[in-house]
Amino acid sequence: CRDSNQQIWAGTYGGGLARLSKEGFVPVPLPIEQPGALRINSLTTDHQGRIWIGTEGTGLWQYDRGKFKQLLQAKDGLPQGVVLH
């Protein structure tokens, strides 16, 4: 996806979240150390330029202005903490 600064972001299944730079893709790790944080199932940007990140086991995240926020996870009722789309 593309953020409000027109930077390209990619989510991988096993390599986590990455941002495209002149040197190539640079990892941008989620602030949680669980295998599910490396498995990005879905990635999109909203009209305010925030990036929404769906993971395999660590729930739904939002990235905005350099900060991550975990919005939903298994303890909130999200089945197995999985977001596919």
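Colleague: Which residues form the aromatic cluster in this predicted model?

Modeller: Trp9, Trp61, Tyr63 and Phe68 form one cluster. The structure holds three aromatic pairs.

Colleague: Why is the pair of Trp61 and Phe68 called edge-to-face?

Modeller: Their ring centres are 6.3 Å apart. The cut-off for a pair is 6.5 Å, so the two rings count as paired. Their planes stand at 85°.

Colleague: What makes the pair of Tyr63 and Phe68 tilted?

Modeller: The centres of Tyr63 and Phe68 lie 4.6 Å apart, and the planes are at 55°. Stacked needs under 30 degrees and edge-to-face over 60, so 55° is tilted.

Colleague: How do you know whether Trp61 is buried or exposed?

Modeller: Trp61 has 4% relative accessibility. Buried means under 20%, so Trp61 is buried.

Colleague: And Tyr63, buried or exposed?

Modeller: Tyr63 has a relative accessible area of 17%. That is under 20%, so Tyr63 is buried.

Colleague: Why is Phe68 called partly exposed?

Modeller: Phe68 has a relative accessible area of 22%. Buried is under 20% and exposed is over 50%, so Phe68 falls in between.

Colleague: What makes Arg19 lie over the face of Trp9?

Modeller: Arg19 is at 5.8 Å from the ring centre of Trp9. The distance limit is 6 Å, so Arg19 passes that part of the test. The angle to the ring normal must also be within 35 degrees. Arg19 is assigned to the face of Trp9.

Colleague: Which residues make up the largest nonpolar core?

Modeller: This core has 10 residues in all: Trp9, Leu17, Val28, Leu30, Ala37, Ile40, Ile51, Ile53, Trp61 and Tyr63. In soluble globular proteins, nonpolar side chains tend to be buried together.

Colleague: What is Ala37 in contact with, leaving aside neighbours within four places in sequence?

Modeller: Ala37 is in contact with Gly16, Leu30, Ile32 and Thr58.

Colleague: What makes S1 and S3 edge strands?

Modeller: Three strands form an open antiparallel sheet in the order S1-S2-S3. Strand S1 (9-12) and strand S3 (24-27) each pair on one side only. The twist averages 35° from one strand to the next.

Colleague: How do you know that S2 pairs with S3?

Modeller: Four bridges join S2 (residues 16-21) to S3. Pairing needs at least two bridges, so S2 and S3 are paired. Within this pairing, the bridge partner of Leu20 is Phe25 in S3.

Notes: Residues are numbered from 1 along each chain as its sequence is written. This is a predicted model: local features need pLDDT of at least 70, side-chain atom pairs count only at pLDDT 80 or more; totals for chains, interfaces and linings use all residues. Side-chain values use heavy atoms; hydrogens and water are left out. Rings of Phe, Tyr and Trp (its six-membered ring) pair if their centres lie within 6.5 Å; planes under 30 degrees apart count as stacked, over 60 as edge-to-face and the rest as tilted. Buried means under 20% relative accessible area, exposed over 50%, partly exposed in between (1.4 Å probe, protein chains only). A nonpolar core is a set of buried Ala, Val, Leu, Ile, Met, Phe, Trp, Tyr and Cys residues joined through side-chain atoms within 4.5 Å. Contact means heavy atoms within 4.5 Å. Axes are lines fitted to C-alpha atoms, for helices over the stretch in contact, and angles run from 0 to 180 degrees between N-to-C directions.
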